[in-house]
Amino acid sequence: MELHNGEDSRLTKQMIDDAIRPALDVVEEHWNRNRASPLTTRNKKGSSGDGGDGALIIIGKRNQDKFFSNGFEYESVKGNPIFFTETANPLFARLLTFPIPTIAAINGHCFAAAMILALSCDYRIMTDGSRRHAWMCMNEIHFGAPWPLSFAAILNTKVSDPSVRRRIALEGHRFAPLEALTAGLVDRLASCGGTGVELGTENVLQEAMRLAKEVSALPKQGVWGSIKTFLYRDCLETVRLDARTHSILPPTARL
C-alpha cells in the first residue's frame, strides 16, 4: 500500500476513509479468499498453494524519499469533533488487529500521527538515512497540541522503555534512523546509500519485502489477528473510547 497525498502524504479524513481503509478491506478480503480456497483451486490459478500466507507493507510515495508521511493535516482535522472517533481511531484499531503481519516501510520523515500509524503496524523498516536525513518524531509538544488518548495508549503499548516514551512524548525528540533502531522503534534499517531517489525508497521496500517473506506464513492458521486482539486488549479499549470525552486540540495547535 503506497501513501499518496500531496508532497508529504498527509493523513486527511478523505485519505483515511476513502483510500486507506477501503484498501485494507481489499487486502483482507483477498487473504480470506485465498486462505479459504481449496489447494487445487489455488494451483489452477498459478498460485504456489500457500493459502493463508500474507503480509501487508505500507510505504510512502515511491517516487521520493523525503517523507513516509507528515501526519494529520491540521486544517482538515480541526473543527471535526468526530475525526478521531470515526476516522483515525478505527484505522489504528484496524492495524493493531489486522489478520496478517503489517510492515511500515518508512522511506523518509515519519512525524506525529504518521509515527502512530507506523507503531500500529507489527513491524517497522526505516531508511538508514545515508542518502538524506529522515526522522521519527512526535512534535506536538513543540506547538502546544495535547495528545488524544489513542496516541498515548498506542505509545505505551508499543514502546516499553519509560525513558524512550518521555523523549518521544514530552521532549519531541527527532529520532534519526540509528537512534530509532537502538530505541526499539524500528526493527531494521535499509541501506540506502547512493544518489538516486528511487534507490533509497526501493531499498526500503526491498528490505520490507524480505521481512514480509520471513513472516508471511505466520497468519496461516488464522489466529494472528485474534492473538493481537487479546495482546493489545487494554490499548484497544482506550483507542475505541469516544474522543469527544476529552480535550484533543486547542485552537492554536497543529498536528
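Reader: Is Cys110 buried or exposed?

Author: Cys110 is buried, with a relative accessible area of 0%. Buried means under 20% relative accessible area, exposed over 50%, and partly exposed in between, with a 1.4 Å probe and protein chains only. Please note that this is a predicted model, in which local features need pLDDT of at least 70 and side-chain atom pairs count only at pLDDT 80 or more, while totals for chains, interfaces and linings use all residues. Residues are numbered from 1 along each chain as its sequence is written, and side-chain values use heavy atoms, with hydrogens and water left out.

Reader: How many disulfides does the structure hold?

Author: The structure holds zero disulfides, a disulfide being a pair of cysteine sulfur atoms within 2.5 Å. The closest cysteine sulfur to that of Cys110 is in Cys121, 9.4 Å away, which is too far for a bond.

Reader: Let us step back. How many helices and strands does the protein chain have?

Author: The protein chain has twelve helices and seven strands. These are DSSP runs numbered from the N terminus, with at least four residues for helices (H or I) and at least two for strands (E).

Reader: What percentage of the residues is buried?

Author: Of the 255 residues in the protein chain, 49% are buried. The chain exposes about 11,600 Å², and 52% of that is supplied by carbon and sulfur atoms; accessible areas come from the Shrake-Rupley method with a 1.4 Å probe, and for residues only the protein chains shown count as cover.

Reader: What about contacts between residues 24 or more positions apart?

Author: They account for 75% of the contacts with a separation of 6 or more in the protein chain. Contact here means heavy atoms within 4.5 Å.

Reader: Now the charges. How many salt bridges are there?

Author: The structure holds 16 salt bridges. A salt bridge is a side-chain nitrogen of Lys or Arg within 4 Å of a carboxyl oxygen of Asp or Glu. Side chains of opposite charge can pair when their charged atoms come close.

Reader: Which residue forms a salt bridge with Lys13?

Author: Asp17 does, with the closest N and O atoms 2.9 Å apart. Both residues lie in helix H1 (residues 13-36), four residues apart, about one turn of the helix. Lys13 is partly exposed, at a relative accessible area of 37%.

Reader: Which residue meets Asp65 in a salt bridge?

Author: Arg131, at 2.5 Å from N to O. This pair links distant parts of the chain, 66 residues apart: Asp65 is in the loop between strand E1 (56-59) and strand E2 (67-69), and Arg131 is in the loop between strand E5 (123-127) and strand E6 (136-137). Asp65 is buried, with a relative accessible area of 6%, whereas Arg131 is partly exposed at 24%.

Reader: Where is Lys228, and what does it touch?

Author: Lys228 is in helix H11 and counts as buried, at 4% relative accessibility. Leaving aside residues up to four places away in sequence, Lys228 touches Leu95, Leu96, Thr97, Phe98, Ile100 and Asp122. A polar atom of its side chain lies 3.1 Å from the backbone oxygen of Phe98. With Asp122, Lys228 forms a salt bridge whose closest N and O atoms are 3.0 Å apart.

Reader: Which residues form the aromatic cluster?

Author: Phe72, Phe83, Phe84, Phe92, Trp147 and Phe151 form one aromatic cluster. Among them, Phe92 and Phe151 are both buried.

Key: Polar contact = N/O pair within 3.5 Å; in protein donor to acceptor, adjacent residues only side chain to side chain. Phe/Tyr/Trp six-rings, centres within 6.5 Å; stacked < 30°, edge-to-face > 60°.
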